[in-house]
Amino acid sequence: MTQHDDARFLRLALSLGRRGMGRCWPNPAVGCVIVKDGRIVGRGHTAPGGRPHAETLALAQAGEAARGATAYVSLEPCSHHGATPPCAEALVKAGVARVVAPLEDSDPRVSGGGFAILRAAGVDVSSGLLAGQARCDHAGFFRRVTQGRPELTLKLATSLDGRIATASGHSQWITGTLARRTVHAMRARHDAVMVGAGTARADDPLLTVRDMGATRQPVRVVVSRRLDLPLMSRLAQSAREVPLWICHGPDADPALIEAWRGVGALLLPCGLRAGQLDMGGVLSALGQRGLTRIFCEGGGALAASLLAEDLADVLVTMTAGLAIGAEGRPAIGALGLGRLDEAARFRLEEARPLGGDVLQVWRRV
């Protein structure tokens, strides 16, 4: 195989892996392509719930054709025994001659162990190709393993002057149909969708993926220090059908805690910081539950808390062609910055029209 061929098949493996995003946590979303004599004989991606792994599915499809083939895997094959045997051993047993993977798994249970098993068995291992793309794809899994919290994407749908609603709270709809459909596609690629208590009260959102053929819904997360949320809301009424997790403070009313448990919500107590919920602690609690990727949809106070604590890893902005004015509600609450060099900087990764709106994706520098 030439390097061009390696890059082509590894890109396909990465693309397959992305199909599992939002559906296989706490495991990484991995893709695998098995190639023999220039022909794809097997492919797979991590199944919903994290099992089977991508390599297992690809090997099953390839059968005997895997002997002497090259396996392109979007992350180092696992080496630890869990619910299934290690994928590295499965590749060896199948007779794969070569494995191309972009980078090591940061999970300490693996961390080079998969490559070591393969090399000890005489399998040719190549790594480093497309490592940057793979690192981006697996950023949520890596962050949970190394920092104990999920990757967080903060979405802001605003007017030209950065407002999310008029002074009276009217906000439907600032952005157009295509932008709203894109939001649903983004929700589907994340493990959870998060909002603050103010958004939950004002909008009565459902926070599900709709009109996208989704077979697995993301967890709905609401951040509410005092649990002062309406028990007749759509979130409450659907809590037994779609997971609803509520992060609350130590001073929440015990009666409200029991009431929300009664409708089927999972309650996660979190500590305070400067009189507000400690968002670092909130994300740690969510990471402990296995979440790797969170899509936060506001509102302004929650967005400010995340930025103030340097917890927003990616910003997605959708800007509509209208101005609301200074009396409108800002997308981001007060940050208390005195100097520009105190503000977090983000690097532009993507910018494109989205119907009548503009989409921008920024990643923290």
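**Figure 1. Val-282 lies in helix H11 (residues 279-288).** The structure is a predicted model, in which local features need pLDDT of at least 70, side-chain atom pairs count only at pLDDT 80 or more, and totals for chains, interfaces and linings use all residues. Residues are numbered from 1 along each chain as its sequence is written, and side-chain values use heavy atoms, with hydrogens and water left out. Helices (H or I, at least four residues) and strands (E, at least two) are DSSP runs, numbered from the N terminus. Val-282 has 0% relative accessibility and therefore counts as buried (buried means under 20% relative accessible area, exposed over 50%, partly exposed in between, with a 1.4 Å probe and protein chains only). Leaving aside residues up to four places away in sequence, Val-282 touches Met-194, Val-223, Cys-247, Cys-270 and Leu-277, where contact means heavy atoms within 4.5 Å. Cys-270 is twelve residues from Val-282 in sequence, and their C-alpha atoms are 6.0 Å apart in space.

**Figure 2. Leu-354 belongs to strand S17.** With a relative accessible area of 3%, Leu-354 is buried. Residues touched by Leu-354, not counting those up to four places away in sequence, are Leu-178, Ala-179, Thr-182, Met-318 and Leu-359. Between the C-alpha atoms of Leu-354 and Ala-29 the separation is 27 Å, and the two residues are 325 residues apart along the chain.

**Figure 3. Helix H7 (residues 177-188) has twelve residues.** At 1.5 Å a residue, H7 should span 16 Å, and its end C-alpha atoms are 17 Å apart, which agrees; the expected span is 1.5 Å times one less than the number of residues. Ala-179, Thr-182, Val-183, His-184, Ala-185, Met-186 and Arg-187 are the buried residues of H7. Their cover includes strands S6 (151-158), S8 (192-196), S14 (293-296), S15 (314-319), S17 (346-354) and S18 (357-364).

**Figure 4. Helix H3 (residues 87-94) packs with helix H4 (residues 113-120).** Their axes are 8 Å apart and form an angle of about 20 degrees, which makes H3 roughly parallel to H4 (angles under 35 degrees). Axes are lines fitted to C-alpha atoms, for helices over the stretch in contact, and angles run from 0 to 180 degrees between N-to-C directions. On the H3 side the contact is made by Ala-88, Glu-89, Leu-91 and Val-92, and on the H4 side by Gly-114, Ile-117 and Leu-118. These contact residues divide into five nonpolar, one polar and one charged; Ala, Val, Leu, Ile, Met, Phe, Trp, Tyr, Cys and Pro count as nonpolar, Asp, Glu, Lys and Arg as charged, and the others, Gly among them, as polar.

Conventions
Parallel < 35°, antiparallel > 145°, perpendicular 65-115°, else oblique.
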